[in-house]
Amino acid sequence: MNFEKEHGLVGAEENQRPGYILLVDSRTCVDIVIPHPAAPSLCEAAAARNLAAADRRAKDKVRLYGNYCTKKGYRFGPFAMETFGATHKAARKLIQVLAAHLVGPDTV
């Protein structure tokens, strides 16, 4: 049995579920996006505000996959990091959660 079927994360279309499934604590799915702030569709907003490209793409991911994961009984979080290194708040939180799982709750 493949991972998606085993965990009930199968949609009729490939784009109905997150492309990258990471079960941090057995109940959280994550989808990764690395936007480029200088892309024509993002550059105006990115020039006006820090993390605008990551914010926009993170919201896109939540809109696309948030309800799907919730209906399947999972939490969903986007992992957005811009090509120049700026990291979305949800991605920073995930990094902290992963670090806590790696070293244990008493050391982070």
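In this predicted model, Glu82 touches Ile34, Pro35, Pro37, Leu51, Ala52, Ala53 and Ala54, leaving aside residues up to four places away in sequence. Glu82 itself is found in the loop that runs between strand S2 (75–80) and helix H4 (89–103). Although Glu82 is buried, it has no salt bridge. The nearest side chain of opposite charge belongs to Arg49, and it is 7.7 Å away. A salt bridge would require the nitrogen and the carboxyl oxygen to lie within 4 Å.

One of the residues touched by Glu82 is Leu51. Leu51 lies in another loop, between helix H2 (43–48) and helix H3 (52–71). Its phi angle is near 65°, a positive value in a residue other than glycine. Is Leu51 buried or partly exposed? Leu51 counts as partly exposed because its relative accessibility is 22%, whereas a buried residue must be under 20%.

The strands are considered next. Strand S1 comprises residues 28–33 and is mostly covered, with five of its six residues buried. S1 pairs with S2 in the parallel sense, and the pairing extends over six bridges. Within this pairing, Cys29 has Phe76 in S2 as its bridge partner. In a regular strand, side chains alternate between the two faces of the sheet.

The fold as a whole may now be described. The secondary structure of the protein comes to four helices and two strands, and these follow the pattern α-β-α-α-β-α along the sequence. Of the contacts between residues at least 6 apart in sequence, 56% join residues at least 24 apart. The table below collects further values for the protein.

| Property of the protein | Value |
|---|---|
| Buried share of the 108 residues | 34% |
| Accessible surface | about 7000 Å² |
| Share of that surface belonging to carbon and sulfur atoms | 55% |
| Mean pLDDT | 81 |
| Share of residues with pLDDT of 70 or more | 71% |

Where pLDDT is low, the predicted coordinates should not be read in detail.

How values were computed
Residues are numbered from 1 along each chain as its sequence is written. This is a predicted model: local features need pLDDT of at least 70, side-chain atom pairs count only at pLDDT 80 or more; totals for chains, interfaces and linings use all residues. Side-chain values use heavy atoms; hydrogens and water are left out. Buried means under 20% relative accessible area, exposed over 50%, partly exposed in between (1.4 Å probe, protein chains only). Contact means heavy atoms within 4.5 Å. Accessible areas come from the Shrake-Rupley method with a 1.4 Å probe; for residues, only the protein chains shown count as cover. Lys and Arg count as positive and Asp and Glu as negative; His and the chain ends are not counted. Two strands pair if DSSP finds at least two bridges between them. pLDDT is the predictor's confidence in each residue, from 0 to 100.
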